[in-house]
Amino acid sequence: KDRNIDSQKQAAKAFAAAQEAMPGYKDAASAYQTSRKAAIKRIAIVPFDDRTGKSRQYGDVIGTIVDGVISNVKNDPAASEFLEIESRDQLDRVIQEQKLGASGLLNDRTATKIGRLVGVQEIITGKLTQIIVTPSQTTSRNYLQQARVCDRHRETIDSKGKKHSECVWDAISAQVTQHHRTAGVAITGSYSVIDVKTGAVK
């Protein structure tokens, strides 16, 4: 299966190169689409195991990580050309229906079962092992800001007797206080890629 996917991927790349070198060349466009479709690998990212016991204190950290990975892949043409990622909604539905996450943990065996149910070839699973949060800190600085502004207009008459309106400029200043707030977080974890058909960890 993997060898067939790899060969189809190479064929798709060859057809794409042919199109780029000679636009409209024979049936290169349709051949590319056919090979690309055959080469697509479908994967799913299951909720990571939270070993820290802290993630819920800061919102849906695990969901945010998974959504970030999916978004990055979908927004990268090179990564998404031969890859499809199952939506979180579909995975959550299967997990709830099958009660696979009742214990709050998803091991390799249950992750593989989820993969079969949603029809993907590989499952990505993982765990969070550490979350270190740097509390927010605020620093302030005071400074004097100065500027010149048009305070008012006055009417003048030039040598030819023509009237003009001109600005009367004035200097203004203000004492400004600027606040700067910083915070940080470091997350440590790991992930595994599981072949749904064999259950082997890649």
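A disulfide is a pair of cysteine sulfur atoms within 2.5 Å. The model is predicted: local features need pLDDT of at least 70, side-chain atom pairs count only at pLDDT 80 or more, and totals for chains, interfaces and linings use all residues. Residues are numbered from 1 along each chain as its sequence is written, and side-chain values use heavy atoms, with hydrogens and water left out.

**View 1. The disulfide of cysteine 150 and cysteine 167.** A search of the whole structure finds one disulfide. The sulfur atoms of cysteine 150 and cysteine 167 lie 2.0 Å apart. Torsion about their S-S bond is about -100 degrees, so the disulfide is left-handed. Cysteine 150 sits in strand β4 (residues 122-157) and cysteine 167 in strand β5 (residues 163-195), so the pair ties together parts that are 17 residues apart in sequence. Strands (E, at least two residues) and helices (H or I, at least four) are DSSP runs, numbered from the N terminus.

**View 2. Accessibility of the two cysteines.** Buried means under 20% relative accessible area, exposed over 50%, and partly exposed in between (1.4 Å probe, protein chains only). Cysteine 150 is partly exposed at 30%. Cysteine 167 is partly exposed at 26%.

**View 3. The β4-β5 hairpin.** Strands β4 and β5 run antiparallel, joined by 32 bridges. Two strands pair if DSSP finds at least two bridges between them. Valine 149 stands opposite aspartate 170 in β5. Five residues separate the strands of the hairpin; in the turn, glycine 161 has a positive phi of about 85 degrees.

**View 4. Lysine 99.** This residue is found in the loop between α5 (88-98) and α6 (108-118). Lysine 99 is exposed, at 64% relative accessibility. From C-alpha to C-alpha, lysine 99 and cysteine 167 are 76 Å apart in space, and 68 residues apart in sequence.
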